[in-house]
Amino acid sequence: MHKRREGFRPFEYLLFAGLTFVTFAVSVSLGSVRVPLPDTVTLIWNALWRLPLPETAVSPSIILAVRLPRVLSVALTGAALSLCGGAMQGLLRNPLADGSTLGVSSGASLGAVIAIAFGITMPSLPFAGTMVMAILFAFLSLIIILALAYRLDYSLSTNTIILIGVIYSMFVSSIMSFIITYASDRVRQITFWTMGSLNGSSYGNALILLGALLVFGGVILLHARELNAFAIGEDNARHIGINTRRVKLTVMISVSVLIGVSVSIGGTIGFVGLVTPHMVRMITGPNHKKLFPASLFGGAIFLMLADLLARMLLNPVELPLGVVTSFVGAIVFVFIFHRARKTGHA
Amino acid sequence: MLKVKDLTVRYGDLTILDQVSFHVEEGDWLMVAGPNGAGKSTIINAVAQGAPYTGSIDLAGRDIRSYKAHERARLLGILSQHHYFNYSFTVEEVIRLGRYAYTPGIFSRPREEDETYVREAVEMTGLGPLLGQSVLTLSGGEIQRVFLAQLLAQNPSLLLLDEPTNHLDLVYQKQTFGLLKEWLKSPGRAIVSVVHDLGPARAYGSRALLLDKGRLEARGPIQEVLTEENLNRVYGMDVFAWMRDMLSQWQR
């Protein structure tokens, strides 16, 4: 019996990274003003190494100050949300789990909205109040949803947990709408918190996303083997010697941080974590050692394309990014649900 | 190896297990028998730390709760009764997870001997041809063998088996009992298994527990526990007459 490598091989990394880079370059070059692809690449390259900027038809600032930080944020958000989706689907052994289907994203939005409406801030860091509240509420939401699910149906069947997630989302959304209606002068409009957008993201946003992804995404990646066992069954995971409680808590905290950070920057961008891992799983199989790295790249690509569509479809009018992802996501959801029912494990 | 004292499991007002005590020594094959709902599987769940309980469970001289999860898994292996999958892991991936207890956490590397144990487990269960196959395509009996292989790869000294031959056809039932009998011959090992089929229980077990409605009705050497009188009382029917009748079907 020869031993096969379970993780990603170098050429697979190269392939996925290459695809991500091409999507990235195309995303930056297209928009209300089209910049030819070679010019875009040269512009970014030269700016990166502080070389003199080339002569282009449009002002470099469109690329460097507007599109580049936005597309970077989009790519990082996509990677983070996909990783979260994949992690939750493994942890709960539920192919329909995602921040949006479980209500975790709505919970995070509520946290952010409360922070803004009631002026909860941290003295030294202007943006931190919103973010910390979003993370806290994401974590609380996960705890509430899981506690309810365990209480109602110990086996945590797919249907129960999704049903609870949907009900929880509606409940949280109603509270959120209530607060926004009363504090409409302070809080961004409802559509941002229900159908997010990364329009106007800054390099600072991208940097925060990158930091969160490096630390908490890294934690999730390091738990690939444990999550494989959870995906087979939580009891089996305990039987083979996994500290199930600790792994569950660690993964839940990491997921909450990533979703909280994403939501406080880009609002609720739903279904990314559902669609990407599902598509990636069809290529890589369910082993998280492959699924996670592939989901990172896949999520970045998926969300960049969705963002491109949101910008281009009704140009010059821009759609919220969440509209595009939810449109695709809802269709994929029905497809997965149908397949899960057919195999009889839903 | 295993000392269980006054084990009680309650869910709300419902008492599933009521002050059950027993012990397992090296070389024992303890058969846990009793009608449906007697609490047989709950004993296994409680020892596996999968059900809340009161009373004490000692494993190799220490309270089982004092072990770290991976330490416990090196001593104690569990085969559950029901398995189903949502994802298409390969047979090999599932079996390899059996070695987790020896390479726990996020920083440990696989070891040379892991390979040996996995290979032996695959050989013993005859799963070689299925290694690359998705577990979603397996039959109930094949899935049972995959988890048995995972358990053998885990190489614990005490096995807790919840109906190990459930779903297995006659060929594999016989093979599995034979395999476990061989496994038990190495020193320092013991088996506890929940059984429905009383024939193999008597044939392979060394001692038995007889449970009814969460209470211990009898325990001791297998011949003294699975007697006509005990079984008739617990099952509320003439068990021996039924068995003889079934056997006579083959002598016509």
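Mentor: Happy to! Let's begin with a term: buried area is the accessible area, found with a 1.4 Å probe, that two parts lose on being put together, summed over both. Keep in mind that this is a predicted model.

Now to chain B, which is divided into domain 1 (1–60 + 157–252) and domain 2 (85–155). Notice that domain 1 of chain B is written as two stretches of sequence, 1–60 and 157–252. The C-alpha centres of domain 1 and domain 2 of chain B are 26 Å apart. Where the domains of chain B touch, 13 residues of domain 1 are in contact with nine residues of domain 2. Together, domain 1 and domain 2 of chain B bury about 970 Å², and carbon and sulfur atoms give 67% of that area.

What about polar links? Between domain 1 and domain 2 of chain B there are four residue pairs in polar contact, counting pairs with both residues at pLDDT 80 or more. Salt bridges across this interface of domain 1 and domain 2 of chain B number zero.

Next, look at which elements of domain 1 of chain B face domain 2 of chain B. Both β7 (158–162) and α6 (170–185) of chain B supply at least two residues to that side. The largest share comes from α6(B), with four residues. Sorted by class, the side of domain 1 of chain B that touches domain 2 of chain B has seven nonpolar, four polar and two charged residues.

While you have chain B on screen, find its open sheet too. Four strands make up this sheet, in the order β2-β1-β4-β5 (chain B), with antiparallel pairing. Its edge strands are β2 (14–24) and β5 (62–63) of chain B, and each of them pairs on one side only. For one bridge you can pick out by eye, go to L59(B), whose partner in β5(B) is R62(B).

Note on methods:
Residues are numbered from 1 along each chain as its sequence is written. Chains are lettered from A and ligands numbered from 1 in the order in which they are written. This is a predicted model: local features need pLDDT of at least 70, side-chain atom pairs count only at pLDDT 80 or more; totals for chains, interfaces and linings use all residues. Side-chain values use heavy atoms; hydrogens and water are left out. Two strands pair if DSSP finds at least two bridges between them. Domain bounds come from an automatic or database domain assignment. Contact means heavy atoms within 4.5 Å. A salt bridge is a side-chain nitrogen of Lys or Arg within 4 Å of a carboxyl oxygen of Asp or Glu. A polar contact is a pair of N or O atoms within 3.5 Å; within protein, one must be able to donate a hydrogen and the other to accept it, and residues adjacent in sequence count only if both atoms are side-chain atoms. Ala, Val, Leu, Ile, Met, Phe, Trp, Tyr, Cys and Pro count as nonpolar, Asp, Glu, Lys and Arg as charged, and the others, Gly among them, as polar.
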